Amino acid sequence: MFSHLILLLAAVTIYGCAQQPYSATNKVYRKQAKQYAKILKQQPSPFPVNEAPAVSGWIGTTNFNMRKPNYVIIHHTAQGSCDTTFRTFTLTRTQVSAHYVVCRDGSVHHMLNDYLRAWHAGLSKWGNVTDMNSGSIGIELDNDGLSPFQPQQINSLLILLDTLRHRYNIPTANFIGHGDIAPSRKVDPSAYFPWQELAGKGFGLWYDTTGVIVPEGFNALQALRIVGYDTRDSTATIKAFKRHFIPADSTTGTNLDEEEKKILFSIMQKSE
Ligand SMILES: [Zn+2]
């Protein structure tokens, strides 16, 4: 009887390991989350030693909640499978992560509490925001960067975005891509990404050039800056803009023709 029990326990353990390949990293996650919870409980909150202001006492206010994400940054993984991405995001040495991974079959994997800071944006800028990781949710779509996205994957993404928008009250214009906030470093999501479809559902801006007349002396770079782009590398910025808003023309040149200037002018007006 006892040996049967041992066998059963062994079987359960082996089955459990096979089912839970990430149980070890989940344990690390819980430990780290606990450490941050400890920091949240500190009264007063800790300041770096040499920057400590003269605080004469602690009086806890009764009125507060958690800081919320205000942007959603969309990525493609440029990897071969979700399994590869899960491994990448659970290895300490990679130093990269995201809140959500949406696989080709439409399954959604949550990898980090929305209130915590994932490491997905890297060196990036949108408007005057230079710490995109602190204020955003990162969503990775399993895609090699060279193929169209799967319809079931986009469906799942749309449901996820709807949830996030309602939960955190994220403005329409704040659904953007990694390539938008890091134009000189990143090209994701690719020109295959259906931004127009997303904008139709209220996730991100889209243009309407009906009756648009581009004013004399229109400054394209200034317009891109108003939209939010970091224009220090103007060639990369125009490429990023085209990839997002004019995907059919995103591989040709870095000039904007008259029609494309209308598109940019329209987006600029919607950004103001
Ligand atoms: Zn990315």
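Q: What is included in the cover over the buried residues of H3?
A: In this predicted model, the buried residues of helix H3 have parts of the chain lying over them. Contact here means heavy atoms within 4.5 Å. By that criterion, what covers these residues includes E2, E3 and E4.

Q: How wide an arc do the buried residues of H3 cover around the axis?
A: Helix H3 spans residues 82-89, and its buried residues are Cys-82, Thr-85, Phe-86, Thr-88 and Phe-89. They are placed on the same side of H3, because the arc that they cover around the axis is only 160°. In an α-helix, residues three or four places apart point the same way, because one turn takes 3.6 residues. The arc asked for is therefore 160°.

Q: Which residue does a disulfide join to Cys-82?
A: A disulfide is a covalent bond between the sulfur atoms of two cysteines. The count of disulfides in this structure comes to one. Its sulfur atoms lie 2.1 Å apart, and the partner of Cys-82 is Cys-103.

Q: How many residues apart are Cys-82 and Cys-103?
A: The link between these two cysteines is left-handed, with -115° about the S-S bond. Cys-82 belongs to helix H3 and Cys-103 to the loop between E2 and E3, so that distant parts of the chain are linked, and the separation is 21 residues.

Q: Is Cys-103 buried or exposed?
A: A residue counts as buried when its relative accessible area is under 20%. Cys-82, the partner in the disulfide, has 8% and is buried. Since Cys-103 has a relative accessibility of 5%, Cys-103 too counts as buried.

Q: Which residues are the protein donors of the zinc ion?
A: The donor atoms lie 2.1 to 2.2 Å from the zinc ion.

Q: What is the relative accessible area of His-75?
A: The cut-off for a buried residue is under 20%. Asp-188 counts as buried because its relative accessibility is 7%. His-75 is also buried, and its relative accessible area is 1%.

Q: Which side chain meets that of Asp-142 in a salt bridge?
A: The structure holds seven salt bridges. In one of them the side chain of Asp-142 has a partner at 2.8 Å, N to O, and that partner is Arg-104.

Q: How many residues apart are Asp-142 and Arg-104?
A: Asp-142 is in the loop between strand E4 (136-141) and helix H5 (151-168). Arg-104 is in the loop between strand E2 (100-102) and strand E3 (108-110). At 4% relative accessibility Asp-142 counts as buried, whereas Arg-104 at 29% counts as partly exposed. The pair links distant parts of the chain, and the separation is 38 residues.

Q: In which helix does Arg-167 lie?
A: Arg-167 and Asp-114 meet through their side chains in a salt bridge of 3.9 Å, N to O. Asp-114 lies in the loop between E3 and helix H4 (132-135), so the pair ties together parts 53 residues apart in sequence, and the helix of Arg-167 is H5.

Q: Is Arg-232 buried or exposed?
A: Arg-232 forms a salt bridge with Asp-230, the closest N and O atoms being 2.7 Å apart. Asp-230 counts as buried at 14% relative accessibility. Because the relative accessibility of Arg-232 is 72%, Arg-232 counts as exposed.

Q: What is the angle between the planes of Phe-149 and Phe-193?
A: The count of aromatic pairs comes to eleven. Phe-149 and Phe-193 form one that is edge-to-face, with 5.4 Å centre to centre and an angle between the planes of 90°.

Q: How far apart in sequence are the parts that Phe-149 and Phe-193 tie together?
A: Phe-149 and Phe-193 are both buried. Phe-149 lies in the loop between E4 and H5, and Phe-193 in the loop between H6 and H7, so the separation of the parts they tie together is 44 residues.

Technical notes. Residues are numbered from 1 along each chain as its sequence is written. This is a predicted model: local features need pLDDT of at least 70, side-chain atom pairs count only at pLDDT 80 or more; totals for chains, interfaces and linings use all residues. Side-chain values use heavy atoms; hydrogens and water are left out. Donors are N, O and S atoms within 2.8 Å of the metal (3.2 Å for Na, K and Ca); water is not among the atoms, so sites may look incomplete. Buried means under 20% relative accessible area, exposed over 50%, partly exposed in between (1.4 Å probe, protein chains only). A salt bridge is a side-chain nitrogen of Lys or Arg within 4 Å of a carboxyl oxygen of Asp or Glu. Helices (H or I, at least four residues) and strands (E, at least two) are DSSP runs, numbered from the N terminus. The arc is that of the directions from the helix axis to the C-beta atoms. A disulfide is a pair of cysteine sulfur atoms within 2.5 Å. Rings of Phe, Tyr and Trp (its six-membered ring) pair if their centres lie within 6.5 Å; planes under 30 degrees apart count as stacked, over 60 as edge-to-face and the rest as tilted.
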